[in-house]
Amino acid sequence: MTNHCCQAMNSHVNVLCGEHSDVYACPDTLIGFSAKFQEYGLIVHDGGTSSIIIEFCPWCGRCLPESQRERWFDELERRGIDPWEDEVPAEFQDARWLDSLPRNQRPDSTPDHP
Ligand SMILES: [Zn+2]
Ligand SMILES: [Zn+2]
């Protein structure tokens, strides 16, 4: 499981709700976390699946990880996979694809980022 910046974020991302299996349908879930893109968003409860991307944690104020959305598409392209046409490999459905990157290219190991 991904470790988030603080306990509050952890509990908001992992809301355990027995009523709704879909986070967008659950009014108790405010934060959506996309593991594959490393993006955090405020869920817009309008019946759809939209959310507003946030860059800072609303609770502890820390800067959240940089979005990997562009790199996600770049990596798929590098492998010759078209995410709209082809089947997206399982490791690209969550954060696992980030582990397959060379160590120095991972978002959490940038040298000038203590
Ligand atoms: Zn619910
Ligand atoms: Zn936090």
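Predicted model: local features only at pLDDT ≥ 70, side-chain atom pairs only at ≥ 80, totals over all residues.

Reader: In what sense do β2 and β3 pair, and over how many bridges?

Author: Two strands pair if DSSP finds at least two bridges between them, strands being DSSP runs of E with at least two residues and helices runs of H or I with at least four, numbered from the N terminus. Here β2 and β3 (residues 51-54) pair in the antiparallel sense over four bridges. Strand β1 (residues 31-34) is likewise antiparallel to β2 (residues 39-43), again over four bridges, and Gly32 has Gly41 in β2 as its bridge partner.

Reader: Which residue takes a positive phi in the hairpin of β1 and β2?

Author: That residue is Gln38, with phi near 55°, in a hairpin that has four residues between the strands.

Reader: In what order do the elements run from the N terminus on?

Author: The order is α-β-β-β-α-α, which gives three helices and three strands. The C-alpha atoms fill a box of roughly 40 × 40 × 20 Å along the principal axes.

Reader: What share of the residues count as buried?

Author: A residue is buried if 20 or more other C-beta atoms, placed from the backbone, lie within 10 Å of its own, exposed if 12 or fewer do, and partly exposed in between. In this protein of 114 residues, 11% count as buried.

Reader: Into which domains is the protein divided?

Author: Domain bounds come from an automatic or database domain assignment, and here they give domain 1 (7-54) and domain 2 (69-103). The centres of the two, taken over C-alpha atoms, are separated by 22 Å. Their contact, counted where C-beta atoms placed from the backbone lie within 7 Å, takes five residues from domain 1 and seven residues from domain 2.

Reader: Which feature does UniProt place at residues 3-98?

Author: The unreviewed UniProt entry places "domain: DUF6980" there, and such annotations may be inferred rather than shown by experiment. Over residues 3-98 the chain is 21% helix and 14% strand, with its end C-alpha atoms 15 Å apart.

Terms used: Residues numbered from 1 in each chain as written. Chains lettered and ligands numbered in written order. Contact = placed C-beta atoms within 7 Å.
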